[in-house]
Amino acid sequence: MFIPFIVAGDPHPSVTVELALALQNAGASILELGVPYSDPLADGPIIQRAAQRALKHDMTLKKAIELVPLMRKRGVQIPIIIFTYYNPVLQLGEEYFFALAQKNNVDGVLIPDLPFEESGHIRQLSAQSGLSFISLVAPTSKKRIEKIASQAQGFLYCVSSLGVTGIRDKLPNELYEFLEEVKTHSSVPVVVGFGISRSEQVQALKEHCDGIVIGSALVQKIEQLADCLLQEKTRKDALIQFQQYAQSLVEPLKRE
């Protein structure tokens, strides 16, 4: 299972819609649509720059959610998860956020800075709205793994390593043992993200999990193609390049 992450509004809201379709065509099973935030706790420099580009187009949590029906009209059929920090949800209003997400056919929500122990009310609102609330589990979770896994919906997101998102040359040796432990407790698919940026890493991980999340590598490719994506005459070729790049990263998932 391939789960890509992109930032809503990067490099432009209308291009985000086209990028979502390109990722579906590249074999994505689920899309994580990141909401740009001015104070990102878990995002490395690549995604921070993407957020700044998106914020220049006045992208907000509400506008990001409203991109979803535009993606549906364009032909995107895979589930779409809104990836947002808690403060924008609080500012918008928790009840209003879920009502808006439900109205715009969002499939799930992931809030990385909301601790599991403090997520009860949000989980309840999510369930009432018919959305999957995606849980995160990290190598530091230790004794909390079983508890978090017992409440997991949709899929369980395993953070591969500590620190912020970004491209990593090497994944931690203990990651594989961590994934196997999580799988013993989880009744939903176990996926892994943070730092996965090469097909060799996908190949190494694919037997240990049910899915791979790739964010920074794709966002960096968008940054490299931004000028071409913004110009109508070069956009089509840039989208093809982006789709082919995404396919190359997850090509091992297609091998038996």
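**Notebook: strands and helices**

I first looked up V159 and found that V159 stands opposite G193 in strand 8. I noted that the model is predicted, so that local features need pLDDT of at least 70 and side-chain atom pairs count only at pLDDT 80 or more, while totals for chains, interfaces and linings use all residues. Residues are numbered from 1 along each chain as its sequence is written, and side-chain values use heavy atoms, with hydrogens and water left out.

I then looked at the pairing of strand 7 (residues 156-159) with strand 8 (residues 190-193), which is parallel and runs over four bridges; two strands pair if DSSP finds at least two bridges between them, and strands (E, at least two residues) and helices (H or I, at least four) are DSSP runs numbered from the N terminus.

I followed the open sheet of nine strands, whose order is 5-4-3-2-1-9-8-7-6 with parallel pairing. Strand 5 (132-133) and strand 6 (135-137) stand at the edges with a single partner strand each, so one side of each is left without a neighbour in the sheet.

Turning to the helices, I found that the axes of helix 5 (residues 94-103) and helix 6 (residues 120-128) come within 10 Å and cross at roughly 30°, the axes being lines fitted to C-alpha atoms, for helices over the stretch in contact, with angles from 0 to 180 degrees between N-to-C directions. That makes helix 5 roughly parallel to helix 6, a term for angles under 35 degrees. The contact (heavy atoms within 4.5 Å) is made by E94, E95, F98 and Q102 of helix 5 with H121, I122, L125, S126 and Q128 of helix 6.

Terms used. Parallel < 35°, antiparallel > 145°, perpendicular 65-115°, else oblique.
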